[in-house]
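Student: Hi! Could you walk me through this one with me looking at it on screen?
Tutor: Happy to, let's open it up.

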Amino acid sequence: MSGILLPIVVFLLIGGLASAWLLGVRLRREQQATGIMALAGMHWREFQRLVLEVMARRGYRQTGSTDMSDDHGLIELEHGGRMSLLSTKHGTAYVLGPATIAEFASDLQLRGATGGWMTTLGSVAADTRSLARVQKIELLDGETLWKEIEPQLDPAQRAEIMGAVRARANRHVLLAWVLAGVSGIAIFLLSGRDMPAPPPSQQAATPAATPAAPPRQPASTAAPPMTAPVPEDPAALASRRRKVADAVATLPWVDRAVWSTRSTLVVHLAGAPDRAGLCALLEPYAELRASRLQLQPPRDSDTPVRFIQCHAY
């Protein structure tokens, strides 16, 4: 009984911790990233409308023309008899920096506004928020906007955005439990090899003739790993790319993996990469093992983007 206890504990521990992380931290990150990309894919006027609804819940209403922003991309808002300005930047690549803050602060002064809001689906440069607070400007980046816009989306639209993320998370959880089972079985088999031999008294009690060992055969050279044949069906090729991306995403130092093109896999890192482990997942597929791998560091990291290739063409 004691020999099977450790494999069961390992199985439950690995599967439970992986499920908690995948359905907790990982799922929230992917839902947020998918939601931001969905907002970026909208028409800019629809995005502005959603931002104005966020402002309305905070007590600000649009003044003047209802035709969204003016020629300078600014929207006048009123609250408690005071006028504020709203600037919206539609796109995930936009970065709010000190120069942008200074220009917007000049607009506030020229129009006599008491404060302002700058929104973007992108990010905010370091040390910019303190500068914005001095100018009475509040900055809303993609993460903050998504948290405020998500509750006001149509339920069907929100379900469509999150359905694929939830399905992918469930596949990863299933794969994690499979790997946990394999680990438990391996530990069980290894522990069986290390069981102590019976004491001499028991060995003498059951004498048995030991057959002569057959002559040792020379060890053969191990065969190289099998390479899966390349399918001709485009749908099968796309399915193999998705399978590889899902497998890469389960690596502990990977946040997520997405094919940006047919030959480029973008790997969003959550820690130090292991090239050997990454390449091992692509090697069995002849059409994918020479793919270009874009190692994308975390958002707050100073590490540059790296490109590697596991196998030459």
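**Cavity and sheet**

Tutor: This is a predicted model, and the structure holds one cavity of 30 Å³ or more.

Student: What volume does the largest cavity have?

Tutor: The volume of the largest cavity is about 40 Å³.

Student: And which residues line the largest cavity?

Tutor: The lining consists of L22, R26, L27, E30, V165, A169 and H172. Helix 1 (2-40) and helix 6 (155-193) are the elements that give two or more residues to that lining.

Student: Which element gives the largest share of the lining?

Tutor: Helix 1 does, with four residues.

Student: How many residues of the lining are nonpolar, polar or charged?

Tutor: Four are nonpolar, one is polar and two are charged.

Student: Okay, switching to strands. In what sense do strand 8 and strand 9 pair?

Tutor: Strand 8 (residues 254-261) and strand 9 (residues 264-269) pair in the antiparallel sense, over six bridges. The two are joined by a hairpin through two residues.

Student: Which residues of strand 9 stand opposite V258 and W259?

Tutor: V258 faces V266 across the pair, and W259 stands opposite L265.

Student: What is the strand order in the open sheet?

Tutor: The order is 8-9-10-11, four strands with mixed pairing. Strand 8 and strand 11 (306-309) are the edge strands, each pairing on one side only. On average, neighbouring strands of this sheet are turned by 25° against each other, direction ignored.

Student: Which helix lies across strand 8 and strand 9?

Tutor: That's helix 8 (residues 234-249), running at about 155° to strand 8.

Key. Residues numbered from 1 in each chain as written. Predicted model: local features only at pLDDT ≥ 70, side-chain atom pairs only at ≥ 80, totals over all residues. Heavy atoms only, no water. 1 Å grid on protein atoms, 1.4 Å probe; cavity = no way out; pocket = protein on both sides within 12 Å on 5 of 7 lines; lining within 4 Å. Points joined across faces, edges and corners; volume = space filled by probe spheres on them. Nonpolar A, V, L, I, M, F, W, Y, C, P; charged D, E, K, R; others polar. Pairing = 2+ DSSP bridges. Axes fitted to C-alpha atoms, helices over the stretch in contact; angles between N-to-C directions. Contact = heavy atoms within 4.5 Å.
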